[in-house]
Amino acid sequence: MLFETVKEHLAEQGLKLREGTILDAGVSAAPSSTKNRRGERDPEMEQPRKGKQWHLGMKLHRGVDAQTGLVHSLATTAANVHDLRPSEQLLHGEEVRVWGDG
């Protein structure tokens, strides 16, 4: 809801989505410690490997306007989900071009 309000405000200022979207994703780290009430890791966190390093957390996917650099959409998934899987949620529908590194 807050994100939609920000997008409306930007549109009122004349900043609008153009014809291209860049898809990007990054892992938000979670503590690997089991020092919580149940002595367990958060079951929603996954541990994928990127290069030779393991990361525990969730993944934040972003749709970014290619011309202005404004983030226009967000999605979260488990960290082991492929970067392109939530792409339908990240596109605004008027793209002529889409870039991604998946």
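A: V27 lies in strand β1; strands here are DSSP runs of E with at least two residues, helices are runs of H or I with at least four residues, and both are numbered from the N terminus. Before going on, please keep in mind that this is a predicted model, in which local features need pLDDT of at least 70 and side-chain atom pairs count only at pLDDT 80 or more, while totals for chains, interfaces and linings use all residues. Residues are numbered from 1 along each chain as its sequence is written, and side-chain values use heavy atoms, with hydrogens and water left out.

Back to V27: its relative accessibility is 35%, so V27 counts as partly exposed. That label covers the range between buried (under 20% relative accessible area) and exposed (over 50%), with a 1.4 Å probe and protein chains only. The C-alpha atoms of V27 and A78 are 8.9 Å apart in space, although 51 residues separate them in sequence.

Next along β1, which spans residues 20-29, you will find S28. S28 is also partly exposed, because its relative accessibility is 40%. Its C-alpha lies 5.8 Å from that of K59, a residue 31 places away along the chain. Setting aside neighbours within four places in sequence, S28 is in contact with L56, G57, M58 and L60, where contact means heavy atoms within 4.5 Å.

β1 and β4 (residues 57-65) run antiparallel and are joined by 9 bridges; two strands count as paired if DSSP finds at least two bridges between them.

In β5 itself (residues 71-78) sits S73. S73 is buried because its relative accessibility is 9%. The side chains of S73 and H72 make a polar contact at 3.2 Å. A polar contact is a pair of N or O atoms within 3.5 Å; within protein, one must be able to donate a hydrogen and the other to accept it, and residues adjacent in sequence count only if both atoms are side-chain atoms.

E95 belongs to the loop between α2 (87-90) and β6 (97-99). With a relative accessible area of 19%, E95 is buried. The side chain of E95 reaches the backbone nitrogen of H92 at 2.8 Å, and a polar atom of this side chain lies 3.0 Å from the backbone nitrogen of G93.

Finally, here is the setting. The chain has 2 helices and 6 strands, in the order α-β-β-β-β-β-α-β along the sequence. Of its 102 residues, 25% count as buried. Among contacts between residues at least 6 apart in sequence, 59% join residues at least 24 apart.
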